[in-house]
Structure formats: C-alpha cells, structure tokens
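Please have a look at the sequence and the model first.

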Amino acid sequence: MPTTLITTPTFARHSARPWQILEEAGAGPLRPRGDAALPTAELLAHAAEADALIVGMDPITAEVMDAAPRLKVIAKHGVGVDTIDVAAAHTRAIPVVCAPGSNSRAVAEYTFGLLLSATRSLTASHTAVAAGGWPKLFGPELHGKTLGIVGFGRIGRLLAGYARAFGMDRLAHDPYVSEADIRTHGAEPVALDALLERADAVSLHTPPDPSGTPLLDRSRLAAMKPGAILVNAARGGLVDERALADLLGSGHLGAAALDAFGTEPLPAGHPLREAPRTLLTSHMAACTPEANQAMGAMVAEDVVRVLAGEEPHHPAR
C-alpha cells in the first residue's frame, strides 16, 4: 500500500475531503506533525518510506529525493514551487504537482488588506488604543494614487481589479505577460525601474530568483518614490530586508506590509522587527477555508492520479 508523507500542518484543516481522497485510494496518509516545516533530519527519515510527498514550505532538495527511493510524486500544498528542486525531480522522473489558482483570491484580498492597513496605520492605532491611547493618525487616500504590481498572473490581475474599484491607477511589470494582455486586464505595462519610480505603492507577486538575489535590492528600494509603500505577500527572497529596514528608518519609504520573509518564523533581532511603520504577518495570505479546501483537494487528486499511473491535472513546470 502506498504511503503519503504530509509535512504541512494546514493540509485539510478546513475540509475532510482531501483526507478522504487519499484514504479512498489507499494512499495511507501520515498525519502532519507540529506547526512548521519538518526539520531536515526528520524529513529525511520519513521520506525513506514515502511514495508521495505533500509539502508546504519544506525545502525539497535532491538530497530529500535520494533519501526516498519509493517516491513517485511531490505535491506542493499551494502554488509556488520555488522550495522544490523541480529540475532534480524531473531528472529522477518524479512528477511535481501544485494547486494553481486555488488561493489566488485569498492572497489578492489579503494583499489589498495589507495595503489599506499600512496606508491608514490601522494596526498602530489599534495598539495605541488598546494601551489606553487615542491617537489621530493620518494617512493618504488610495483614490488617485498609483499601484505598481510586479508579477501579473492570477493574483496580480485580481489585485488590479480591486485597485480600480478604489480609483487607483495601475502599473504592471511582468516579462512573461504580453503588453496587450496586461492592458486587457486594466493595467499599464511598464519596465520594473519605471514602475518603482512612479508607484505610490508597490505589491510583489512573483517568485524569487533561483540565485537568491533579491529582486528589490538596496538600489532599487532606494529608487522607489519617496514615501512609497511596499507590500509583499509573495516570497521573502524578493526583498533585501536589511535595506528595507534602513530605508524605513530614514523615512525614504512610507511603510511596508509584509507577509513573507527570507527566514520564517522571523528571528529575534531581525531588523524589520524594530523598523518603523511596518505591518508584519505570519505568511498567512492564503489562509482561508475556501483556499485550504480547494488546494487540498487538488493536490490529493493529483497524488492519487500519479500513484495510479495516470497523468496529473496540474503539473508544475
């Protein structure tokens, strides 16, 4: 009987259906442990018995694959597969699957919530009021401002629609999407550097560079419009976090609202924990019952298909 190692603790949290899909197919799921990615040693130990992996943010390297001689499929419980060595999996003839579109609306809504909260200092006001204060904190209206969207896939396009409803101008940069397609979905296509110079707020929706080089390094952050707001609900590797903290401290940037970080959980002493005008959340943009149910069912169904010798519906490229 095949065994499925599930490392993400959020799998099927809001629906029993993903468990049922695996159990009805005799896929023998191992329940997730803890509330974070498995330590490498524990992952390697369990992988030795796994025919399938359903993972969250765990780094699935060639070493992990080589420790799993029975492994037939790797499933990302989510969309981005940048924590999985897809090339190494393909070399070993191990399909990698994911759940495209399953959390797009959840992330887009959350991203716009981050933008609103950062613009109007909602969390700062709450903290002050809860402590007995009563501040009147001013922040700009979004109407008439310019939102720069970096990465114009499903999430970026939804975000552009929300921004339009608020009367914002929309810029978009995505080298993999045609200018005509960007215009069709309500944004003006621009180069990245032009977007950073013009946007009052910048939101990131793109995977990090495999080399580990931040897309927004110190020079690009410094080139952003004075007072601009940065929102990142994608991946932490996209931003030079030390430089971001410095530019917030100097007052060059107006605020930052971040749901993803280079190291998670955010360690003690991290510069962003002490930076002013920050809103920091725990990589939870995709955490809605609707998205959880959809992504769980999608990856479970594809795991079952691959274990049965069939082609998956949602292979990662």
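Predicted model: local features only at pLDDT ≥ 70, side-chain atom pairs only at ≥ 80, totals over all residues.

Let me begin with D66, which forms a salt bridge with R92, the closest N and O atoms lying 2.8 Å apart; by salt bridge I mean a side-chain nitrogen of Lys or Arg within 4 Å of a carboxyl oxygen of Asp or Glu. This pair links distant parts of the chain, since D66 sits in helix 3 (residues 62–66) and R92 in the loop between helix 4 (86–91) and strand 5 (96–97), 26 residues apart. Helices (H or I, at least four residues) and strands (E, at least two) are DSSP runs, numbered from the N terminus.

Residues are numbered from 1 along each chain as its sequence is written, and side-chain values use heavy atoms, with hydrogens and water left out.

As for accessibility, D66 is exposed at 52% relative accessibility, whereas R92 is partly exposed at 34%; buried means under 20% relative accessible area, exposed over 50%, and partly exposed in between, with a 1.4 Å probe and protein chains only.

Turning to helix 8 (residues 179–184), E179 and R183 both lie there, 4 residues apart, about one turn of the helix, and their side chains meet in a salt bridge at 3.7 Å, N to O.

Finally, D51, R70 and K72 are linked in a network of salt bridges, and the count comes to 12 salt bridges by this rule.
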